[in-house]
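Here is a short briefing to read alongside the model. Please have the viewer open, and take the topics in any order you like.

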Amino acid sequence: MRTVLLVDDEKRMLDLLELYITPHGYKCVKKQSGKDATEFIENERADLVILDIMMPDLDGWQTCAKIRETSDIPIIMLTARDDKEEVVKGLKIGADDYITKPFNEKELLARMEAVMRRTKNDKEDILKFKGLVLNEEAYEFTFEKQSISLTPKEYSLLALFISNPNKVFTRDHLLTTIWNYNSDVEDRTIDSHIRNVREKLRHVGFPVDEHLKTVWGVGYKWSTEGEQ
């Protein structure tokens with residue numbers, strides 16, 4: 001199920017968007033401020049943001065710019081006016097599309113699908129880093145053409161790290177994204193998976209200790225320091 005982050009200071013609009021979107025297989029997360037939205041993006045996963053422009057404190061443009069500092073998640077902006085200058089401003093800041101209030105339910109859903117399809121096609125299914133190659137579609141992992149056997153959880157961990165270089169992931173975040181808050185999973189299970197990944201990468205000659213770093217008391221990150 002794909003997750004859509006809805007951002008609008010009006011609860012009525014959030015509820016209306018959720019009413020339109022949820023029956024089509026989306027999970028909606030509702031936030032009533034730009035600050036709450038940016039904090040969510042920094043710590044959680046979503047597939048799309050629908051972002052109102054006119055909000056107090058952080059408006060939609062400021063929120064969009066803030067999100068773009070850390071994420072390339074597709075963003076559709078909502079505007080109450082069919083003002084081309086507003087549209088151009090949003091697109092320059094980093095929005096992927098816009099829709100004018102009041103909007104048609106079918107048009108909204110079509111724009112959502114189009115934006116997510118376009119951004120998905122723009123992304124490579126292959127992740128590369130210093131000889132490491134993760135083919136997400138084929139579920140294959142190699143280093144300098146040497147095949148590396150990973151469990152699904154180990155693969156998900158590495159894909160997450162390499163896709164988000166230099167970002168620190170807390171153990172709680174890893175529990176959410178990789179284990180889906182499985183109550184049976186403990187911190188030492190995560191540590192065990194990390195240890196296994198390191199051993200497998202060392203075995204094929206990859207300098208894993210230079211990149212898969214422990215951030216003591218917090219979690220882990222994939223460091224690109226010294227990358228050529």
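A word on the element names to begin with: helices (H or I, at least four residues) and strands (E, at least two) are DSSP runs, numbered from the N terminus. With that naming, Lys145 sits in the loop that runs between β8 (140–143) and β9 (146–147). Please keep in mind that this is a predicted model.

**Backbone geometry worth a look**

- Most residues other than glycine have a negative phi, and most peptide bonds are trans.
- Lys145 has a positive phi of about 70°, although this residue is not a glycine.
- Lys145 is also exposed, with a relative accessible area of 85%.
- Asp57 is another non-glycine residue with a positive phi, here about 60°.
- You will find Asp57 in the loop between β3 (48–52) and α3 (60–68), and its relative accessible area of 78% makes it exposed.
- Lys101 and Pro102 are joined by a cis peptide bond, with omega at about -10°.
- Pro102 belongs to the loop between β5 and α5.

**The two sides of helix α1**

- Helix α1 spans residues 11–21, and its buried residues include Met13, Leu14, Leu17, Tyr20 and Ile21.
- An α-helix has 3.6 residues a turn, so residues three or four places apart point the same way.

**Salt bridges**

- Side chains of opposite charge can pair when their charged atoms come close.
- The structure has 15 salt bridges.
- Arg2 and Glu113 form one of them through their side chains, at 2.9 Å from N to O.
- That pair connects distant parts of the chain: Arg2 is in strand β1 (residues 2–7) and Glu113 is in helix α5 (residues 105–122), 111 residues apart.
- Arg2 is partly exposed at 32% relative accessibility, and Glu113 is partly exposed at 29%.
- Glu107 pairs with Arg111 in another salt bridge, where the closest N and O atoms are 3.0 Å apart.
- Glu107 and Arg111 are four residues apart in helix α5, so about one helical turn separates them.
- Glu107 has 34% relative accessibility and counts as partly exposed; Arg111, at 25%, counts as partly exposed too.
- Glu69 and Lys66 also meet in a salt bridge between their side chains, at 3.9 Å from N to O.
- Glu69 is exposed at 58% relative accessibility, while Lys66 is partly exposed at 38%.
- A network of salt bridges links Lys11, Asp15, Glu18 and Lys30.

**Cysteines**

- A disulfide is a covalent bond between the sulfur atoms of two cysteines.
- How many disulfides does a search of the whole structure find? The count is zero.
- Cys28 is buried at 15% relative accessibility, and Cys64 is buried at 0%.

**A contact across the chain**

- Val4 is a residue of strand β1, and its relative accessible area of 0% makes it buried.
- Val4 and Ala46 are 42 residues apart along the chain, yet their C-alpha atoms are separated by 5.9 Å.

- A search of the whole structure turns up one cavity of 30 Å³ or more.
- The largest cavity holds about 70 Å³ of space.
- Which residues line the largest cavity? They are Ile53, Trp61, Met77, Thr79, Glu86, Val87, Gly90, Leu91, Ala95, Asp97 and Tyr98.
- Two or more lining residues come from each of β4 (75–79), α4 (84–93) and β5 (97–100).
- Helix α4 contributes the most to this lining, with four residues.
- Sorted by class, the lining of the largest cavity has seven nonpolar, two polar and two charged residues.

Notes:
Residues numbered from 1 in each chain as written. Predicted model: local features only at pLDDT ≥ 70, side-chain atom pairs only at ≥ 80, totals over all residues. Heavy atoms only, no water. Buried < 20%, exposed > 50% of the residue type's maximum accessible area, 1.4 Å probe, protein only. Disulfide = S-S within 2.5 Å. Salt bridge = Lys/Arg side-chain N within 4 Å of Asp/Glu carboxyl O. 1 Å grid on protein atoms, 1.4 Å probe; cavity = no way out; pocket = protein on both sides within 12 Å on 5 of 7 lines; lining within 4 Å. Points joined across faces, edges and corners; volume = space filled by probe spheres on them. Nonpolar A, V, L, I, M, F, W, Y, C, P; charged D, E, K, R; others polar.
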